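Please keep the sequence and the structure in view while reading.

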Amino acid sequence: MSEPLFQHTKTEECCPQCGSPLQIKQGKKGKFLGCSAYPACDYLKPLSNQSESRIIKQLDECCPQCGHPLLIRQGNFGMFIGCGNYPQCHFIVHEDEQPPAEESVACPECGKGELISRRGRQGKYFYACNRYPHCKFTLPGKPYLQDCPQCGGHICLLKKENETYRTFLCVNKSCRHQFDREKEKT
């Protein structure tokens, strides 16, 4: 019994542009094959098609644009409802997760820009200065115009809320004071 039990089946794939061997590499969107001669050769080949969305369930409703059934799909930013005739029909049901800010809030860091709602890589909303890349100030939640009793800052984040009061957190990095304010009765 001199033969090995399992035969080596690894095959080396070569780059179609330059002929160098391809290597498995990890990127922010998953694994891919990249040319070993990078940066001289920039050939890439995805290993898995992550842009494809997985079908969860078919709905009884029909697409208002083409009449095909609507599907619940799992995509990069979570679940969504889209047309079953994709890619011929691009209908998607959009639901705004977070309304835009009602009042304009000046950036506390540069003083020139305004804080606007943006969407991150994972689909979550955050607020950032509209003068990016000159100003890189960001907040994880919606800014509120509330005066901090400790440092006198004008912008706070809402930490929690109940029937009678709201708890705010000062966005000033040197302060971070938490304070309560009674809710206004409407």
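Two strands are taken to pair if DSSP finds at least two bridges between them. Strands (E, at least two residues) are DSSP runs numbered from the N terminus. The model is a predicted one, in which local features need pLDDT of at least 70 and side-chain atom pairs count only at pLDDT 80 or more, while totals for chains, interfaces and linings use all residues. Residues are numbered from 1 along each chain as its sequence is written, and side-chain values use heavy atoms, with hydrogens and water left out.

**Strands and pairing**

Strand β8 (residues 115-119) runs antiparallel to β9, and 5 bridges join the two. Within this pair, R119 stands opposite Y125 in β9. The two strands form a hairpin with 5 residues between them, and G123 in the turn has a positive phi of about 90°. Strand β9 is also joined by 2 bridges to β10 (residues 138-139), again in the antiparallel sense; here A128 faces T138 in β10.

An open sheet of 4 strands has the order β4-β5-β6-β7, with antiparallel pairing. Its edges are β4 (54-62) and β7 (92-93); each has a single partner strand, so one side of each lacks a neighbour in the sheet. Strand β6 (residues 78-83) pairs with β7 over 2 bridges, and G82 stands opposite I92 in β7.

**The nonpolar core**

A nonpolar core is a set of buried Ala, Val, Leu, Ile, Met, Phe, Trp, Tyr and Cys residues joined through side-chain atoms within 4.5 Å. Buried means under 20% relative accessible area, exposed over 50%, and partly exposed in between (1.4 Å probe, protein chains only). The largest such core has 11 residues: V105, C107, L115, Y127, C129, C135, F137, L139, I155, L157 and V171. Both β9 (125-129) and β12 (155-161) supply at least two of its residues. Leaving aside residues up to four places away in sequence, L115 has contacts (heavy atoms within 4.5 Å) that include V105, C129, F137 and I155.

**Salt bridges**

A salt bridge is a side-chain nitrogen of Lys or Arg within 4 Å of a carboxyl oxygen of Asp or Glu. By this rule there are 2 salt bridges.

| Pair | Closest N and O atoms |
|---|---|
| K45 and E13 | 2.8 Å |
| R166 and E161 | 3.0 Å |

The pair of K45, in strand β3 (residues 44-46), and E13, in the segment before β1 (22-27), links distant parts of the chain, 32 residues apart. K45 is partly exposed at 32% relative accessibility, as is E13 at 35%. R166 is partly exposed at 26%, and E161 is partly exposed at 40%.
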